[in-house]
Amino acid sequence: MIKYILFPLRLIWRIWFYVLIIVTVLLMSPFVLVLLSDEKYYGTFWKLMRTWSYVLIYGMGFRLKADIQEELVQGKSYMFIANHASLLDPWIMIALSKNPILFVGKKELVKLPIFGYFYKRAVVMVDRKDPKSRKAVYTRVKKRLDDGLSIAIFPEGLVPTENVVLAPFTNGAFSLSIEYQMSIVPQIYYDAKRLFSWDFFKGRPGTFRVKQKEFIETKGLSMEDKDSLKKKTFDLVYNELINDELYMEDTNRPNNEREFKSPL
């Protein structure tokens with residue numbers, strides 16, 4: 001009985017999310033067009049994105065509870081990584097960082113109406129099926145790192161099905177970290193799978209718990225250390241998730257027969 005009562009409420013709540021995105025994007029469009037016209041405005045653009053992130057998160061009835069175990073140094077470049085379980089993950093990362101971050105994201109998102117137009121101007125796009133595209137990322141990233149920006153990559157490369165604790169990591173974040181000697185900032189998102197699943201008919205308002213672990217240093221590492229660095233980072237995130245009771249309840253819950261995968 002409760003299931004049928006909640007169904008229309010969840011549907012309205014989900015629709016509200018997309019209404020909120022469309023309305024706020026349209027309102028911000030004139031400012032974003034100006035701020036993305038020149039890379040020197042990226043710092044101001046980032047402040048606008050952080051404000052937008054808080055509007056979306058709190059506008060959906062969510063709250064953030066962050067456990068920051070090591071603080072960022074202003075003006076220093078980092079490599080941000082996190083587990084990926086929800087559409088809201090990028091906005092959570094944006095809201096938590098005063099340091100401007102440049103995301104490396106999928107080329108396919110350019111096709112999204114309105115959002116795609118701004119996406120291709122604010123994100124380093126990569127076609128993971130094209131080796132030339134992956135190589136071109138290094139050139140663009142190097143230029144932006146010289147401007148003091150940080151980089152963010154969700155190393156799972158996709159949003160895995162709900163019964164997966166943590167999907168295998170791809171190489172990109174760790175190759176870039178070593179190439180440019182950037183400290184890795186591991187963030188763990190415990191609640192996004194439960195509160196804002198990719199399944200349209202799940203979720204509810206609540207608190208997102210986020211832990212930002214001590215940084216993983218790459219100074220002095222070479223490309224020969226890439227696999228061990230990737231394993232070290234994967235094990236750190238995996239152990240945090242598997243030891244969190246609520247996260248594992250979300251992962252093991254019986255409603256995984258949909259095997260629902262995100263297109264992102």
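**View 1. Helix α3 and its buried residues.** In this predicted model, the buried residues of helix α3 are Asp89, Trp91, Ile92, Met93, Ile94 and Ala95. Because six of the eight residues of this helix, which spans residues 89-96, are buried, α3 is largely enclosed by the rest of the structure.

**View 2. The largest nonpolar core.** The largest nonpolar core holds 71 residues, and those with the most contacts inside it are Phe62, Met79, Met93, Phe103 and Ile151. Helix α1, covering residues 2-35, gives the most to this core, with eight residues. In soluble globular proteins, nonpolar side chains tend to be buried together.

**View 3. The surroundings of Ile151.** Leaving aside residues up to four places away in sequence, Ile151 touches Tyr78, Met79, Phe80, Ile101, Leu102, Val104, Val141, Leu145 and Met182.

View 4. The side chains of Glu240 and Lys213 meet in a salt bridge, at 3.0 Å from N to O. This pair links distant parts of the chain, with Glu240 in helix α8 (residues 226-242) and Lys213 in the loop between β7 (207-212) and α8, 27 residues apart. Both Glu240 and Lys213 are buried. Asp235 and Lys231 form another salt bridge, at 2.7 Å from N to O, and both lie in helix α8, four residues apart, about one turn of the helix. Asp235 counts as partly exposed because its relative accessibility is 27%, whereas Lys231, at 52%, counts as exposed.

**View 5. A network of salt bridges.** Salt bridges link Asp191, Arg194, Arg209, Asp244 and Asp250 in a network. Within the pair formed by Arg194 and Asp191, the closest N and O atoms are 2.7 Å apart, and both residues are buried.

Key
Residues numbered from 1 in each chain as written. Predicted model: local features only at pLDDT ≥ 70, side-chain atom pairs only at ≥ 80, totals over all residues. Heavy atoms only, no water. Buried < 20%, exposed > 50% of the residue type's maximum accessible area, 1.4 Å probe, protein only. Helix = DSSP H or I, 4+ residues; strand = E, 2+ residues; numbered from the N terminus. Core = buried A, V, L, I, M, F, W, Y, C linked by side-chain atoms within 4.5 Å. Contact = heavy atoms within 4.5 Å. Salt bridge = Lys/Arg side-chain N within 4 Å of Asp/Glu carboxyl O.
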